[in-house]
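Reader: I am new to this structure. Please take a close look at one part of it, the paired aromatic rings, and then go on from there.

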Amino acid sequence: MKKNVLMFLCLLPLFGTLVQTGYAKDLASSRADIIKSVDFLPAAPANDSIDFARDREIYRQTQAEKGSKRWQQAAFDADTRLDKNAGAWFEEAFGMKIRKKQTPELYKLMLVYIRAQHEAARSAKKHYMRKRPYVYYKTENETCAPWDEDNHRHNGSYPSGHSTMGWGMALILAEITPEAQAAILKRGYEIGQSRVVCGFHWQSDVEAGRMLGAAVVAQLHSDPGFTRQLEKAKAEMAAIWARNP
C-alpha cells in the first residue's frame, strides 16, 4: 500500500552544480532522453497576473523569518553539494547522511538523479528567464545566502532547481525507506520552501520544481540503469541497518 502511495506521488501531474562522474553518466538516460521542463510545465506567471500577486505576498510574509531558526535552516538548505549540506538534508528523517564513502551505492544513485533533474530544469529556466525576488526588487545581501547571489543573478528563477532536487531526492529516499516516508517527504517539502524563505525564489517557482522533480523520478523508473542502481542502494541500506538496528 505504501509503495502504491509513493508511486502515486511520483506520477502526480506534474542544482546546485555537481561534478558529474562517469558512472553517473552511464547509469542515467541520455541528455536527449531527459524530459524537458519547458514542454510540460505551465508558463511562469506574468508580472500582471494574480499568480504573481500571490507570489509577491508570500515573499513579503516570509521576510519576517529573517534571522530566525527557519532562516538559518534555509541558509543550510541553500548548499546543494552532495558531499556537504545536501548529503545531510535528510539526515534526521532518513537516519543518516548520504556520503560517498559510507553509502557509495546510494551516493551514485543520487548523482544520477541530480544530473537528470538539472538537465530537465534547464529548458524552462532558459526559456522564461524569470527574475528572482532579489533581482526583481533590486536588493543586495538581503537573502539568507548572500554569498550565492551573484552566482544566480542571471540564472532563471523558474522552476526552482533546489526544489526539484529536494523533492526528487525525497521521493527516492521514501521508496528506499517506506517506514519513514512521511518524515522524508515533509523534509523534501521544506527544502523547497526554504528557497522562498531565503529570498531566492517565488512560491510558484518552488511548486513547479516539485512537479518537475516528480516527473524526473517517474521517468527514471523506466530507465534500466537507474532501477538497477536503485536496487543496489536498497540492498546497501538494508545491510547497513542490519548491522546497526
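**Aromatic rings and a buried arginine**

Author: W241 is partly exposed, its relative accessibility being 26%; with a 1.4 Å probe and protein chains only, buried means under 20%, exposed over 50%, and partly exposed in between. The model is predicted, so local features need pLDDT of at least 70 and side-chain atom pairs pLDDT 80 or more, while totals for chains, interfaces and linings use all residues. Numbering starts from 1 along each chain as its sequence is written, and side-chain values use heavy atoms, without hydrogens and water.

Rings of Phe, Tyr and Trp (its six-membered ring) pair if their centres lie within 6.5 Å; planes under 30 degrees apart are stacked, over 60 edge-to-face, and the rest tilted. That rule gives 10 aromatic pairs. One of them joins F94 and W241: with ring centres 5.7 Å apart and planes at 65°, the pair is edge-to-face. Because F94 belongs to helix α5 (residues 91-94) and W241 to helix α12 (residues 224-243), this pair ties together parts 147 residues apart in sequence; helices here are DSSP runs (H or I) of at least four residues, numbered from the N terminus. F94 is buried, at 4% relative accessible area. Ring pairs also link F52, Y59, Y136, Y137 and W202 into a cluster.

Leaving aside residues up to four places away in sequence, R210 touches several residues (heavy atoms within 4.5 Å), W167 and Y189 among them.

How values were computed: Helix = DSSP H or I, 4+ residues; strand = E, 2+ residues; numbered from the N terminus.
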